[in-house]
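Subject: Handover of a model, with notes

Dear colleague,

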Amino acid sequence: MSEQRHQVTVTVNGVTRRAEVPARRLLADYLRMDLGLTGTHLGCEHGVCGACTVLLDGAPVRSCLIFAVSADGHELTTVEGCCETGGALGPVQQAFLECHGLQCGFCTPGFITTITAYLEENPKPTEEEAREAIGGNLCRCTGYQNIVAAVLRAAEIKRERETPHE
Amino acid sequence: MSDKHVGQPLLRKEDPRLLRGDGRYLDDLGRTALAAAFVRSPVAHARVTDIDVSEALDVEGLVAIYTYEDLPDRIAEPLPLLIPHPDLTHARTPHCLANGEVNHVGEAVVMVVATDRYIAEDAAERILVSYDELPPVVGIDRARAAERLVHDGVPGNVAAHSVQTNNHGDAHEAIAAAPHRLTLDLAIERSASMPMEGKGVLAHWDADDRTLRVHSSTQTSTSVRLAVAAKLGLPPDRVEVITPDVGGGFGVKIVHPWPEEILVPWAAIKLGRDVKWVEDRREHFISAAHERGQQQRVEVGFDGSGRLHGLSVEIWHDNGAYVPYGIIVPIVTSTQLLGPYKVGAYRVEFTSLYTNTVIVTPYRGAGRPQGVFAMERTMDAIAEYLGMDRLAVREVNLIQPEEMPYDQGLVFQDGRPLIYDTGDYPTMMRMIRDLVGWDGFEAERQAAAAEGRRIGIGVAAYVEGTGMGPYEGAHVKVETTGEVVVSTGLTTQGQGHYTTLAQIAADVLGVAIVDVTVITGDTRRFKYAVGTFASRAIVTSGNAVAVAAGKVAEKAKRIAAAALGEGVEAEQLELVDGLVRRRDDHDVSIDLRTVAVLSNPLRYAFDEAAKAATQFAAAANTGDEPGLEATGYYMPERSTFAAGAHGVVIETDPETADIKILRYCVVHDCGVVVNPRIVEGQVHGGVAQGVGGALYERIVYDEAGQLVNASYMDFLIPFSTEVPRIQTAHMVTASGLNPLGLKGAGEAGVIPTSAAVASAIEDAEGLAVRRMPISPSELYELRKGRVHA
């Protein structure tokens, strides 16, 4: 027998999107398979690695641990939405570029979303706080040192960009 | 902009795309493809007595179910033995799907294809496989005891037995004759590469064109192509293999063809539909490769100054259920164990043993961490015995710069002699002494002790053979737009080749790096390659790019000379700032992109620029083949040897035995550095994996052969809170073997970490650490004088 399908409507990166999916469709798979937003990656599918982190109403969540139907009616931000309007790299993305905060790039989207949310909460972290802030995401390539540096640099870039030009 | 690109810490060209979420990893491709899932063995050793698929057949969306019985001839045969060796007398390789017997938990038994992965898994879990269980062989002790066998016809569970000696006499006699002797029993546990992206395969069969296109998350697309063509009985020219963005490899993806790399294309052809398989994390734990697990016995003879007279090492290596990648790991351990030292007479013997566990193939370091652990534990034991400073014992045994090239008298993993080309190990040891603060440490220790804190210091050094052959190649083309396209056959999985190879090409062609595009791992673009492993990519492909770009530059000069007219000779020209110009008169010049136009004599003008190359325009006929392009290869004579030393200060909690790294220092020599930012990143990442291997990560099998920690909850990859800040210092001894002077850097960081951390814990605690990794509870038990299990 065929599975019952449910209409799921979300606002992703500011755009309203909808698709009909089975109740068991993971939010990560909905984003990737149904909406074609493949920037969100699955590293473990059991909520540990953080690669699939997206922002649900601004708060970081593991999209491998949430059903798409649970996100119906909510606002989501994925790595694709962490760019500036117009497509330039957002502050966190720019900082990762400058600090060599990525190698293979697979875990990176989860870091970008996590740090984007974190800097809203703590716009001027210390190095120790920066290291703590990324303590829930796994990276197998970088050894984290340059990601810590990127958190600090992202905070700077964000401040620079938010300061109105005279 | 005439500054050289090589040596600059340039930002990575690949990053903006990856940062925007525009990467193209395997699972980002083939959204409409059918999905494959596998029924895998839940038991470690058994005969398969029955496969009942009846319950699965009414799953809506099921497309196909395949068992071993369905496989045609070549696909039904065992997978190839990739690296044969005379000492590998009892090689066994797996089948694509189990042929009546399973030899480890996770071995594929049934393949299911369905409309999506959810449904494929629904069907897979309804398939009932009956097993007649056999007693499993788990762990090196059980394999050595050989009371049970993994494979019929493999006595003693021994896949390979190998002995090598150097040319400094009989090691046992030298040890017996030495003033002092020690014996050490050592062990390193199993671990695994564990890239964040697992493996994956997507296959597309074009029935009209009779062509197969395979995407695979592999470290070698060219060799996957040849293997797929051979297994499927297709001419290689009908098979294309493309490696998309790869989410880390660290060795596990050099193994090929994985069963899925054969089965997915086979099913795609059979079904006439695109088929995709993406490994999930549990599958990766129980069916991709592991590494590291070894036991070692070291016997050493030395004199009162700490100088080694003889060294004999026996190694028992757990190779898992099959040996598709041969015995590379224990060969590397046996040879690279020597590090930067002269050991007198050397004898090494290894026994490579089957167990009912996942296969063992190279993981970053590839046997070196185990070898360095053996050598450096030995150095510390000698220092302890003689009451000498641990660094002094190492220094007295170092190979001196004036002894280079130094022949260790062994055969290395590439079948070539183990000859160190260049290196300055005394300087390296002085640098790590200063960086880690060795000389001032006693004061630091006392200050800590006064606060009730316990700290220790350790150092470990290594030499790493990198950049091995047989070869890599590259194709370099200047487009008429001025864009330079560089294609090389080996793959990339995070090392930054799109940037470093572009730096090399940009310097040779005198163009800006922004104008250079690099393509890797796509057999449509470059067919001949070996692969990305053994810290070889920048050495082999880097030099090949330089060769190919050099040919393009020469061709550009010939064409430019002809175009510039009377009195201009190719020898007078240089390529600078996108121009070909006279060295002695910069006003005599022509755009490189115009040279590209002229390089292809035309009858038909398709745009403005092309007019210059048509038959009634002034031709620049040099007799060259059309196109401003060339192919070049680099074939190293043998490996080039990088080196490094790590120093670490740790604190152990007197109450809880918690272990904390306070300071981590690295001295690193990889010859000429193409991009210091990228090399630094490679070192950081290697050290993080080394810290994992020293303190946290281990693959744990129970007696029944069940992998009990097959998740990221239980296999403890360090988070940012576990990895220390790493201080690095670089030195450069250029390779004597290749034109660019390069040595590899990919694996370095991970190699000596367990040895250095063990040394520091020993120093803090005053007790012998003989196996790694070590957890706080194991240290706690060690303190109580119990065996460290």
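In which sense do strand 8 (residues 180-188) of chain B and strand 13 (residues 294-302) of chain B pair, and over how many bridges? The sense is antiparallel and the pairing runs over nine bridges, where strands are DSSP runs of E of at least two residues, numbered from the N terminus, and two strands pair if DSSP finds at least two bridges between them. Within this pairing, Leu184(B) has Val298(B) as its bridge partner. Strand 8 of chain B is also joined to strand 29 (residues 771-772) of chain B, in the parallel sense and by two bridges, with Ala187(B) partnered by Arg771(B).

Please note that this is a predicted model, in which local features need pLDDT of at least 70, side-chain atom pairs count only at pLDDT 80 or more, and totals for chains, interfaces and linings use all residues. Residues are numbered from 1 along each chain as its sequence is written, while chains are lettered from A and ligands numbered from 1 in the order in which they are written. Chain B averages a pLDDT (the predictor's confidence in each residue, from 0 to 100) of 96, and 99% of the residues score at least 70; for the complex, the predictor gives an ipTM of 0.98 and a pTM of 0.96.

Val112(B) lies in strand 5 (residues 108-114) of chain B. Why does Val112(B) count as buried? It has 27 other C-beta atoms within 10 Å, and a residue is buried if that number is 20 or more, exposed if it is 12 or fewer, and partly exposed in between, with C-beta atoms placed from the backbone. Leaving aside neighbours within four places in sequence, the contacts of Val112(B) (C-beta atoms within 7 Å) include Ala36(B), Ile65(B) and Ala120(B).

Finally, the contact between the chains takes 42 residues from chain B and 48 residues from chain A. On the side of chain B that touches chain A, helix 17 of chain B supplies the largest share, six residues.

With best regards

How values were computed: Helix = DSSP H or I, 4+ residues; strand = E, 2+ residues; numbered from the N terminus. Contact = placed C-beta atoms within 7 Å.
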